[in-house]
Amino acid sequence: MAEGSSGRGSWDEGALEYAGLSRVRLDALLQELLGRVDEIMEYQERLRALLDAVVGIGADLDLNSTLDRIVTAACELAGARYGALGVVGPDGKRLVRFITRGVTDEEIAAIGPYPEGHGILGLLIEHPEPIRLHDLAEHPRSYGFPANHPPMKSFLGVPIRTRAHAYGNLYLTEKTGEADFTQDDERTVTALATAAGVVIDNARLYADTEQRRRWHEVTAEITQLMLGEFDADEALQLIVQRSREVAGAQIAALLLAEGNELVVRAVDGPPEFTKYAGRRLQTDLPLLHLVGSGSGDQIVIEDLAQLVKDAGGFSEFPESAKLARATIAPLPPGTTATGGFLAVAMEQGASTRVAEGADLIRMFAGQATLAVERAQAQRDRDLLVVLEDRDRIARDLHDLVIQRLFATGLQLQGMQRLVPAEHQQRLSRAVDDIDSTIHDLRAAIFELQQPPDSTSLRGDVQALVAEYTEPLGFRPQLICTGPIDTVVPAAVRPQILATVRESLSNIVRHAQASEVTVEVNADSQQVVARTTDNGVGIGDQHRSSGLRNLTERAQALGGTVHVTDNQPHGTIVELHAPLAGN
């Protein structure tokens, strides 16, 4: 019994010990289970947050707002105080855009220009793989921070790809609680970056579609304008305005070649640039030479502001201008257009839409050439109508009016022998008046037969005589005979005009005349410019000094100047210039 009792006591003690161990193990298992549950709950929370972030970044297809939402979502998922998204440029070496979160506009202004991709940021561009760092300053590629930059220690960088191409990188710093970014943070942000690549790609495709839809709308608008009567400057300004809007650029300008100059025909953008409208630029400027050195294809300039600064020769370029990527498309050749180019430039930090829409800029350049050609055709048509009308008027004057006046003059001359002597003088004056009228009509007919925009010696002399009407107090009589506009060479015409001008100037200052006659006549051998007045004369003291310039002009033409007295009063100044040697 005693042994049996002793055996039961040992069994009870073992059972109790086993039960105690079981409770300890059960507690451990429960603790482990609770830890797993917490991990699962945390994972579910992180997964739910990731899904919410993916849904959030795809809320709309606007690229700018999409990029902002991606940075915000990445900061919230990883618990980062600061975040940024750097967009890699087409060259694959530098950042062309930088979207930030956690830094105020005042802090950004104090820091200075956005980074371009050096140091650790450049490491992600060169090797697009996730990077986690405990301390940025300890990495050998660290460049340090510029002045006024907030302190940053922990770092997580993840690349963003679109269709296997590097679009940019997500940069996160300063995890909350001064902790390091974990592997779970890296996985979560990497998953977000993968989804962000799809969303960005869709947003870019949508932007391209919208851009081309807008292009078709403005093409129809410009075409509709040019189908009717239109002003060329208005059409070119519309083309420049719409090209800037469609490209999303800061400024657009159209320059047309005129001889050795480029004329800024239209500008659209901020006021500091629109003031250049109408400005003429020499084509030998270093910047324009660089632009024009291409093969006729459009060119893309990554940093226009820096290029202007380096090239020099354009001191009036606004210092505040922060123009980055620019596309310059030459105007296609036309029948009348002599060349030029259309340029659009983006503001620094703006979306790089110009590169993708470069073919649209070329299309706008084609529209500009079409507008110039269409405007010239419209002017030619209007000029043809004017010339036809002038020709009809000249023909009617010659065939009807002059012939009737000539017949009337002959009749009056025939009547002189039939009227009393006291009336013959009146008839003679009437005949002289008819001859003068016929002469004036012939001059008017000649002017009508000249193109409206052309210059003629006859017209220049008429304008010169009209100019001296007010100083003289009366209008001088002008007589032009012979084919002065066809036989007098262009090199001789300025000397003829200068002779007439100086003669009239001398009459105004010295002659005190009441009648002045200016005659210009020419034949196949010589041209004669004669100025006659009825004044007091210029006197001997002025004959040599006052007419020295006229003598030099005549000698330059191989001719002579004669100054004689007019009877009974006044002076006659004649310039004779041979035409055979000119």
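Colleague: In what sense do strand β4 and β5 pair, and over how many bridges?

Modeller: β4 (residues 155-162) and β5 pair in the antiparallel sense over eight bridges. Two strands count as paired if DSSP finds at least two bridges between them, so eight bridges qualify. One place to look is I160, which stands opposite G168 in β5. This is a predicted model, where local features need pLDDT of at least 70 and side-chain atom pairs count only at pLDDT 80 or more, while totals for chains, interfaces and linings use all residues. Residues are numbered from 1 along each chain as its sequence is written, and side-chain values use heavy atoms, leaving out hydrogens and water.

Colleague: What makes β2 and β3 the edge strands?

Modeller: Follow the order of the open five-stranded sheet, β2-β1-β5-β4-β3, with its antiparallel pairing. β2 (95-101) and β3 (131-133) each pair on one side only. Neighbouring strands here are turned by 15° against each other on average, direction ignored. The strand names come from DSSP runs numbered from the N terminus (E, at least two residues, for strands; H or I, at least four, for helices).

Colleague: Which strands does helix α4 lie across?

Modeller: Helix α4 (residues 119-126) lies across β1 (80-88), β2, β3, β4 and β5, running at about 140° to β5. α5 packs on the sheet too, touching β3, β4 and β5, and its direction makes about 30° with that of β4. Such angles run from 0 to 180 degrees between N-to-C directions, with axes fitted to C-alpha atoms, for helices over the stretch in contact.

Colleague: Why is T173 called buried?

Modeller: Buried means under 20% relative accessible area, exposed over 50%, and partly exposed in between (1.4 Å probe, protein chains only). T173 has 6%, so T173 is buried. You will find T173 in strand β5 (residues 165-175). T173 touches A80, R81, Y82, L136, M152, S154, F155 and F181, not counting residues up to four places away in sequence. Contact means heavy atoms within 4.5 Å.

Colleague: And why is E178 called exposed?

Modeller: E178 has a relative accessible area of 80%, so E178 passes the cut-off for exposed. E178 is found in the loop between β5 and α5, and has a positive phi of about 60° although it is not a glycine.

Colleague: Why does Q512 count as exposed?

Modeller: Q512 reaches 69% relative accessibility, so Q512 is exposed as well. Q512 lies in the loop between α16 (493-511) and β13 (516-522), with phi near 55°, a positive value in a residue other than glycine.

Colleague: What makes β6 and β7 a hairpin?

Modeller: β6 and β7 pair in the antiparallel sense over seven bridges, and two residues sit between them. G259 in the turn has a positive phi of about 65°. Across the pair, L256 has V263 in β7 as its bridge partner.

Colleague: How do you know that β7 is mostly covered?

Modeller: Six of the eight residues in β7 (residues 261-268) are buried.

Colleague: Which residues touch the most other members of the largest nonpolar core?

Modeller: L236, I239, L254, L331, L342 and F364 do, out of 31 residues. The residues of such a core are buried Ala, Val, Leu, Ile, Met, Phe, Trp, Tyr and Cys, joined through side-chain atoms within 4.5 Å. Among the elements that each supply at least two residues are α6 (232-247), β6 (251-258) and α11 (358-415). A second, separate core of 30 residues includes I496, L504, V518 and L579.
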